[in-house]
Amino acid sequence: MGDIMASKLFDNLNLQQAEAVRIVSGPVMAVAGAGSGKTRVLTNRVAYLIDEVGIPANRILAITFTNRAAEEMKSRVFKLIQLPLKGIWISTFHAMGAKILRNDIHHLGYENNFQIIDDDDTVIITKNILKELNYDPKQYNPKALSNLVEAAKADPIVLEIQTQPFKKVLGEVFEEYQAFLKKNNLVDFQDLLVLILKLFREFPEVLKKYQNWFEYILVDEFQDTNDLQYDIVHLLAQKHKNLFIVGDEDQSIYAFRGANIQNIRKFMRDFPDFHKIILNQNYRSKKTILDAANAVIKHNRNRIPKDLFSELGQGEKIIHYKAESDDEEAYYVYNRIKQFSKSGINYRDMAVLYRNNAMSRKFEDVLLKYNIPYKVIGNISFYKRKEIKDIISYLRLIVNRGDDYAFARVYNEPKRGIGQTSFEKISEYAKDHQMKIMECIEQGVEFLVGKSTAAKLQEFKTMIDQLYENIENVNLLVTYENLLTNSGYIGALQKEAATGDKMLEAERRIENIQEFKSIILEKIKEIDLSKNYDILVNILNELALRAEAEDLLENDEYVSLMTMHSAKGLEFKVVFLTCFEQTLFPSSQSLLERNDIEEERRLFYVGLTRAKEHVYITNSKARFMYGHYQSNPDSEFLGEIEEDLIDHQGIMKRQHAFSGMPSRESRSVNEPAVMPSYTPTRNQFAIGDKVKHITFGEGIVVMIDKDKATIAFKAEYGIKVLMKDHPSIQKV
């Protein structure tokens, strides 16, 4: 059986992949280029460790970056070995953190039934804290503060580098926020990493337990790890040192999320006896596409050298189409999509990629106009819709009636006659007396809010109590149905649906709530626990950790529109890389720093390597964006693709067609030079200079290109490209 199994594991692996699977002991770094089959290597390695080496499944920790990737890995491993994977840890960093904290957070003074809050919750809590501290949320943006609090948890220096008076505000908000979370037994996503490190560093016996437990650790997408994640992995791997990382510096594109490309270098420093394997055979793209990607990425410094290659054939040249306008660019993309569809390529095999979401509108308009099915990837997650967050808050209250944050969301949802003022009075009283709001209601709050409101609050508490008390007596689905009915939530929506005023919205929300029931049923089947309370705790934990926009059905027939960041990990037969103009891609913010330009180049590399067969790069001479017209030079990245790999069309084709005309230097001495129709000045401008135009008024120089200046005037006129030596422009 073992020999048969081993043969199955190595059937479809090349020599480098097989080597990565077979190395059992010590640190290993697999440098996995785009489309090189890294998922196959990871899953086959896990299967090999379990089935061939005999490592117990529960002694293996495999970390991925999305829940979808974790589920796919579990499924693939099971298909390979046909054995139960009981106890195996295949999860995201945050899910791993939640699991460890669920077992050991009591060491830090929390209760083990803590609840996880999402980013929207953190902003609301921050806003409430600002109000309690008598700061105006309009003056101090709650979302910005929330982001800084998150950063300060990872690195306290964030609190120190601010300037007054903001430093004082951030310090106070940080302390109150941390205290609020601990008091209400809540953790945010950053805590799932920060508290793990705190636990490991302050309680060596806890660290030792997990170091002993995890004999083998595998980490996918290592280039996307942040400093906290690296430190966690580094600590866990210290005993056995059987750390297997898969990464590619050339695909590190998440610096804005805190990813540290230097973590691969840290691994090389901290595990000097590591074994390096280069996975550079690409199983996705034609050779032309890979040659272009290799040529582009070589312009980045300090990278581990590798050239992707493919045995899938040469393929067609990359098409660069330059349009006169952004409208023409969008119509060109539409026409190519239509032609590919007629040739038999499915819509789902085509993608339109851009640098940021604001660039999608023109393409959406044209595709919608001509009935081409499309989907903009990255819409609001199912789990962030209001009705779902309301129901989750109700379920959180059943699990933990001391969850004041969940209480605050649903005490008057649906309307039950409990006003904001009454809630604030009880909340303030609870805070002053170190009590939970439910405890206050139990003792009686008539003296605070009056007899009528106190009775309504008691009725609400009784409803939650009864759901909790009966949780083990009925099926969890019955508990859910009772919650919808007894809370009045479903009744209120049904009433709205019957009135006609908000009928469509109410019907959609009812459908979502019903869909949530099917999710509970699925989770009940998956979770191997006997008590309904424990199952519900696990369901809430998993829901809090779900990644956004990962539930798209593979058989849905639509063209995908998305940012290049969103396209990471995906593949399409046809890829359109759009809006390739300087200041758009690379973005204007990145032009100031070499490191930022290199990250933009890696993003281009990722976009290129999404394509299997056809790549189209488009841009325009002028575009209407952000409320005004702008004209930008071609992206510098276009010039990094070797000319024999690219076919220029549109305006560029016409320019190339006339390239045989004599240059200024080769003209006959008798041929008159074209002279400007104005008397040129000796204007010398620099980026940032303030200028005044005789017609457009005052503006700022944003770009200089040889004899032209790009100037941003007031909104009425927008951005103009003008001859910099024209007498109509004066420096202010």
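1. P165 sits in the loop between α8 (157–160) and α9 (166–183). Helices here are DSSP runs of H or I with at least four residues, strands are runs of E with at least two, and both are numbered from the N terminus. The bond from Q164 to P165 is cis, with omega near 0°. This is a predicted model, where local features need pLDDT of at least 70, side-chain atom pairs count only at pLDDT 80 or more, and totals for chains, interfaces and linings use all residues. Residues are numbered from 1 along each chain as its sequence is written, and side-chain values use heavy atoms, with hydrogens and water left out.

2. A cis peptide bond also joins E413 and P414, with omega about 5°. P414 is in the loop between α18 (404–410) and α19 (420–432). N134 is not a glycine, yet has a positive phi of about 65°. N134 belongs to the loop between α6 (119–132) and α7 (142–154). Most residues other than glycine have a negative phi, and most peptide bonds are trans.

3. Confidence comes next. The mean pLDDT (the predictor's confidence in each residue, from 0 to 100) is 85 for the chain, and 89% of its residues reach 70 or more. The pLDDT is below 50 over residues 546–555, a stretch with 17 contacts in the model beyond near neighbours in sequence. Contact means heavy atoms within 4.5 Å. Residues 657–677 are also below 50, with one such contact.

4. An open sheet of six strands runs β3-β2-β6-β7-β1-β8, with parallel pairing. Two strands pair if DSSP finds at least two bridges between them. β3 (89–92) and β8 (275–279) are at the edges with a single partner strand each, so one side of each has no neighbour in the sheet. From one strand to the next, the twist averages 15°. Axes are lines fitted to C-alpha atoms, for helices over the stretch in contact; angles run from 0 to 180 degrees between N-to-C directions.

5. Strands β1 (residues 28–32) and β7 (residues 243–247) run parallel and are joined by four bridges. V28 has F244 as its bridge partner in β7. Helix α2 (residues 15–22) packs on the sheet and touches β7 and β8; its direction makes about 145° with that of β8. Helix α3 (residues 38–53) packs there too, touching β1, β2 (60–64), β6 (216–219), β7 and β8, and its direction makes about 165° with that of β7.

6. The structure holds three cavities of 30 Å³ or more. A cavity is a set of points, on a 1 Å grid over the protein atoms alone, where a 1.4 Å probe fits but cannot get out; lining residues have an atom within 4 Å of a point. Points are joined across faces, edges and corners, and a volume is the space filled by probe spheres set on them. The largest cavity has about 50 Å³.

7. Lining that cavity are I289, E316, K317, I318, I319, E613, H614, V615 and Y616. β11 (318–325) and β16 (611–625) each supply at least two of the lining residues. The largest share, four residues, comes from β16.

8. E111 lies in the loop between α5 (93–104) and β4 (115–116). Its C-alpha is 9.7 Å from that of N184, 73 residues apart along the chain. Neighbours within four places in sequence aside, E111 is in contact with I105 and N185.

Methods:
1 Å grid on protein atoms, 1.4 Å probe; cavity = no way out; pocket = protein on both sides within 12 Å on 5 of 7 lines; lining within 4 Å.
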